[in-house]
Amino acid sequence: MEKSKIYLSSPHMGGNEISFVNEAFETNWIAPLGPNVSGFESDLSTYLSPKNETYHVAALSSGTAALHLALILLGVKQGDEVICQSMTFSASANPIVYQGALPVFVDSEPVTWNICPIALETAIKDRIEKGTKPKAIIAVHLYGMPYLVDEVTRIANHYEIPVIEDSAEALGSTYRGKKCGTFGDISILSFNGNKIITTSGGGALVSKNKILTEKAVFLATQARDQAPHYQHSEIGYNYRMSNVCAGIGRGQMQVLDAHVESRRNNHKFYTDLFEKVNGVCIFSEPSEHFISNHWLSCVLIDKKKTNGISRETLRLALDKEHIESRPLWKPMHLQPVFEKSPFYGKAIAEGLFENGLCLPSASNLTVEDLNRIQLVIHSVFN
Ligand SMILES: *Cc1c(COP(=O)(O)O)cnc(C)c1O
């Protein structure tokens, strides 16, 4: 019998999602508004907000839509420039181009793999010198690992450039005890099928500033002015989350903490597995100030220290056993579609891409799945 496929990050239902979805059907709220949408927003707001502070949430159709609206809310227009972490998924950068603006890519630092504060400052200074001050900075918590929040925020504040925090992969991570998704002037989340929780497809825009989240909802529902007829004074979008999808989200919120724990246990499993393997380094938190949800567990493989075993050797060996793994994100400044964009930094992101591999990390991996993975890894590294 053919073995079942082990995926990198598959959806994982908790059980109560279906009752929220049924409720939507029973009450006929089959629309991009309704009690599940407001309920999900309220659950997220409660989850993210520290004591004595409230973060507001707008539930949207995707993380990409949230990024697009974030740029619009910050006034990014044709001819503007926006700084973006190069090492990320293309969805972080594409909305810059939707606005007719130019993405300016910045390298990673080797500790959190996220935007390098030194290269960031160099980029800002050089763009200003060349005549265009960047309109925003998009920083990403890659694979759930918080970026160097203090350093990046300090630079952004110094140059008075707003930060869009791409927390698509980092719901449940914290930096100095504060939740990721609360560090940007505007933050975004994703509930795509492969993320830590899913609404089958969805996203959210988060901000401390209620005016911004209300404006996001206005733009996401076709920018209708107050009037009995259809009246528009701005260009709108159809980016709101459906009440059916939001029902899945409400069920998923009940298991978010359990999902974080499972993913962190996967990371522990890989840490133990690779502990004695020379040349393989598991991506881990640099200090106690960082807590990653370990959305994906990743390794760097230095083939000079592994007798020539590369990330490709391991990927192909896993693939042969129907186990999915994937190289790290290919940096945006190396993508053909962005070849005209400037890049600041060295070759950190490029090196991560060449040597890094994401391993199966779903919260519903079984003991049997882990055993199959372990067997392959043992056989490759002997
Ligand atoms: C998934 C992801 C997005 C996009 O979210 P969607 O909901 O799929 O549109 C954006 N940025 C990063 C870093 C992501 O991983």
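Ala, Val, Leu, Ile, Met, Phe, Trp, Tyr, Cys and Pro are counted here as nonpolar, Asp, Glu, Lys and Arg as charged, and the others, Gly among them, as polar. On this basis, the shell around the ligand in this predicted model comprises four nonpolar, eight polar and three charged residues.

The shell holds 15 residues. Thr64, Asp166, Glu169, Ser190 and Lys195 come nearest to the ligand. The space that the ligand takes is the largest pocket.

A backbone N or O atom of Gly63 lies 2.8 Å from an oxygen atom of the ligand. For Lys195, one of the nearest residues, a polar side-chain atom is placed 3.2 Å from a ligand oxygen. Gly202 contributes through its backbone: an N or O atom there is 3.4 Å from an oxygen atom of the ligand. The ligand on its own has 380 Å² of accessible area, and the protein covers 94% of this.

Salt bridges were searched for across the whole structure, and 14 were found.

Note on methods. Residues are numbered from 1 along each chain as its sequence is written. This is a predicted model: local features need pLDDT of at least 70, side-chain atom pairs count only at pLDDT 80 or more; totals for chains, interfaces and linings use all residues. Side-chain values use heavy atoms; hydrogens and water are left out. A residue is near a molecule or strand if one of its heavy atoms lies within 4 Å of it. A polar contact is a pair of N or O atoms within 3.5 Å; within protein, one must be able to donate a hydrogen and the other to accept it, and residues adjacent in sequence count only if both atoms are side-chain atoms. Accessible areas come from the Shrake-Rupley method with a 1.4 Å probe; for residues, only the protein chains shown count as cover. On a 1 Å grid over the protein atoms alone, a cavity is a set of points where a 1.4 Å probe fits but cannot get out, and a pocket is an open set with protein on both sides within 12 Å along at least five of seven lines; lining residues have an atom within 4 Å of a point. A molecule sits in a cavity or pocket if more than half of its atoms lie within 2 Å of its grid points. A salt bridge is a side-chain nitrogen of Lys or Arg within 4 Å of a carboxyl oxygen of Asp or Glu.
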